[in-house]
Amino acid sequence: MLARSCSLLALCSAAAFAQAPTVTAVYNGYSYSATLCPGLVAVVTGTNFGTNGANVTVTVGGKAAYVYANNVSATAMAVEIPFELSPGATTLTVAVSGTSSAAFPVTLAAVSPAFETPGSAATGLASVYDATTNAAITYAAPAQPGETVTTYAVGLGVTGPATPTGAPAASNP
């Protein structure tokens, strides 16, 4: 009986001392600006996020955000702000294994455009790739006339047709 009581006490104590996650900032994952919009890949920073993305959920304006589970660390994670939200003031909440952070205030704009840049520097030229080989287009290896190139941008706002949160946008609507 004493062993059961001690086990129960240990289990309850561990749950009681679980550290709540804390959000300290949310920013555009490509430009590092604080301007956010629906559908944007954002970086959430803070503490006590754990390292198992399967245990993390994020809500923005009461709607589930898409968490890039492979990009969760104890202090930062990448999330997609739900496309289904409207511009304006709202809140973001992080929950880790059921323990929630305080609501963090964010304001969503209609758009927050940014291009992918080499090394995720958020400055300089946009990353551009050969559409056939996926090789990087650079000054040393420029695109040639007639080649098709690809670049990646985020924060362009709501799409038509609508893109569900967590799904890739249509490549050729």
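This report looks at aromatic pairs and at the surroundings of one serine in a predicted model.

## Aromatic pairs

When the whole structure is searched, three aromatic pairs are found, and two of them are described here. In the pair formed by Tyr-27 and Tyr-32, the ring centres lie 5.8 Å apart and the ring planes meet at 65°, so this pair is edge-to-face, given that planes over 60 degrees apart are counted in that way. Tyr-66 and Tyr-68 also form an edge-to-face pair, for which the distance is 4.9 Å from centre to centre and the angle between the planes is 85°.

Ser-112 sits in the loop that lies between strand S9, covering residues 104-108, and strand S10, covering residues 114-115. Its relative accessible area is 4%, and because buried means under 20%, Ser-112 is classed as buried.

The side chain of Ser-112 is joined to the side chain of Asn-28 by a polar contact of 3.1 Å. Leaving aside residues up to four places away in sequence, Ser-112 touches Asn-28 together with Ser-33, Thr-35, Leu-36, Cys-37, Leu-40, Val-154 and Gly-155.

How values were computed
Residues are numbered from 1 along each chain as its sequence is written. This is a predicted model: local features need pLDDT of at least 70, side-chain atom pairs count only at pLDDT 80 or more; totals for chains, interfaces and linings use all residues. Side-chain values use heavy atoms; hydrogens and water are left out. Rings of Phe, Tyr and Trp (its six-membered ring) pair if their centres lie within 6.5 Å; planes under 30 degrees apart count as stacked, over 60 as edge-to-face and the rest as tilted. Helices (H or I, at least four residues) and strands (E, at least two) are DSSP runs, numbered from the N terminus. Buried means under 20% relative accessible area, exposed over 50%, partly exposed in between (1.4 Å probe, protein chains only). A polar contact is a pair of N or O atoms within 3.5 Å; within protein, one must be able to donate a hydrogen and the other to accept it, and residues adjacent in sequence count only if both atoms are side-chain atoms. Contact means heavy atoms within 4.5 Å.
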